[in-house]
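Hi everyone, thanks for making the time. I'd like to walk you through one model today, so please have a look at it on the screen before I start.

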Amino acid sequence: MLDFGAKCDGVTDDAGAINAALSNPVTVVIPNATCRAASTIVVQSGANLVGTTFSTQEPPSGSVLQCDISVSPCVTVVEPFVLPQTRGGQLISDLTISRAAGQIPNGTTCLYTESFFVMVRYVNCNGHAIGYRVVQRIATGGYGTIAKFNNVSSCNIVDTDIVMDGLAEFNIDTGRFGCNGTRNPGRHNNYISITGGAGGPNTIKVTNSQFNDIQNPTCFINWNNLTAVPPTTSEFSFTGNHLEFTGQAESPHNVFCSDHSAGLINLVRFNDNEIRDNNGTGTVFNFDAGTALGDWRMHGNSWVGFNKNGWTLALAQPLLIFNSSGETFNNPRVTVVGAASQGQSSVVFEGNSYAGGLTVGGNFGNAFPTRFGGVLAGGTVTNTASSPVEIDIPGYSLTDGSNNIAVRFGGVNAALGFKNAKWQLRGSILTYSFFVSISSLGTGSGTAELLGLPFPAGASAPLGTFPVYCLGMTGLPGPIMITVNALSTSATFVTSGASGISLVTSGNFTSNSQCQGALSYSIQ
């Protein structure tokens, strides 16, 4: 590079000399010095741009390429997109790409690539609006962009650390984003932005990386401004990463975000990550009302914080397939609310540890299975879902159903002095226990019924007849029982005498009657 006239004294504009060197298929070395660039550095096909060492210190040291404040991108990697067998590939390594001091202009980018294959390693982007921007470019024959990043970092980013535009084949391993929580010129928007036209099917993988900024970004991962629906075979994989929110207590920050352009987010694998919300005010899911989740699977993650909003998944659109397994919820209460238009789908939480408790609500429709399992390490379990839900958590409290329980005679409710009901659902079997006391028979007469079962009984026989223990009754020929009505949330009181089974009516009750019992039946 020095042979082409570069000075690397931090004052002289070296862009022309560097670009002249990079126009050849050679390796251009940035020395252990600061090279100023007043225009974009273009890494041509077959060329490599490397330094001797990169730095995350402030100010940067080692091999530094410093762009003028308005230059964007600082470095661009291009590829002519000829047939694969004639392609080379580019290497960017051991280099700090910084920007001159001043107000960072919106949209200014550190490193931009749409090359067929680029390897970026040991590079630090310091002081930009956008750190790394990888753009999918489809060539003749269907070949697209491939980018592999290893041991990269970014500091002092004011917009987004990583922009994935168009679903290129993108792999980040062992990255560090956010200056390790020590500094930032101001609050920024995203760590990762997934945007643009969907060019897949490809895989985006982020592994063994750390995201930790003193100013919390609005979103960790943000699906936004998509101009096409991502292919159903494009996979988003995040494994073994550490995400830490450390900023001001009330600054809004979210793990997952989307806007109206993200109609379906599919094939997400979020495994073995540690997510820490140190100030406890963050939100896990902040999705647009039009966003539905397809095949979304989470395993082995550790969640700390989120005390204010909890770990809450309550979308307006269906959860087509959502699986959470082996996760540890150290603080947040987990809340999952189903959408009524669920359709044929699967929502399964299993093998998790819930330290803050669990709430299940909404309507999961025909989702099968809808199951929540694991260990309750703290808090309580509440299930108010209006559709069948299996909860298999040893020792959790039965759900309170007292508000809905009633006794009626001939279709008219009696007045109850005391009422209590608890229920638990395991698979398709509902166990329901109740206690009621009558204070006034009211104006109704005729068949006695118990109302308020949380789910309709199944259509298939036998539904079962269960003993009920009552006091203050009159005129009964034998023991009293209750029969659950098919496809209904009510049950009928019956009695067994010498002449067989007969209905219990208002005439057998008094204003002092009390009844208690337990039912166990298959739900619809």
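**A walk from the loops to the helix**

Let me begin with a loop: Asn208 sits between strand 15 (203–207) and strand 16 (210–213). Before I go on, please keep in mind that this is a predicted model.

Asn151 is in the loop between strand 10 (146–150) and strand 11 (153–165). Asn151 is not a glycine either, and its phi is positive at about 55 degrees. Its relative accessible area is 22%, so Asn151 is also partly exposed.

While we're on loops, where does Pro73 lie? You'll find Pro73 in the loop between strand 5 and strand 6 (75–77).

Now let's step back to the whole chain. How many helices and strands are there? The protein chain has one helix and 46 strands. Of its 524 residues, 52% are buried. If you take contacts between residues at least 6 apart in sequence, 71% of them join residues at least 24 apart. The chain exposes about 19800 Å², and carbon and sulfur atoms supply 50% of that area.

Which residues of helix 1 (residues 15–22) are buried? They are Ala15, Ala17, Ile18, Ala21 and Leu22. These residues are on the same side of helix 1, because they cover an arc of only 165 degrees around the axis. As a reminder, an α-helix has 3.6 residues a turn, so residues three or four places apart point the same way. And what covers that buried set? The cover includes strand 1 (27–30), strand 2 (34–37), strand 3 (41–43), strand 4 (48–51) and strand 5 (64–67).

One last stop, this time within a strand. Thr335 belongs to strand 30 (residues 334–338). Is Thr335 buried or exposed? Thr335 counts as buried, because its relative accessibility is 17% and the cut-off for buried is under 20%. Leaving aside residues up to four places away in sequence, Thr335 touches Trp311, Thr312, Leu313 and Thr359.

That's my tour, and I'm happy to go back to any part of it.

Terms used:
Residues are numbered from 1 along each chain as its sequence is written. This is a predicted model: local features need pLDDT of at least 70, side-chain atom pairs count only at pLDDT 80 or more; totals for chains, interfaces and linings use all residues. Side-chain values use heavy atoms; hydrogens and water are left out. Helices (H or I, at least four residues) and strands (E, at least two) are DSSP runs, numbered from the N terminus. Buried means under 20% relative accessible area, exposed over 50%, partly exposed in between (1.4 Å probe, protein chains only). Contact means heavy atoms within 4.5 Å. Accessible areas come from the Shrake-Rupley method with a 1.4 Å probe; for residues, only the protein chains shown count as cover. The arc is that of the directions from the helix axis to the C-beta atoms.
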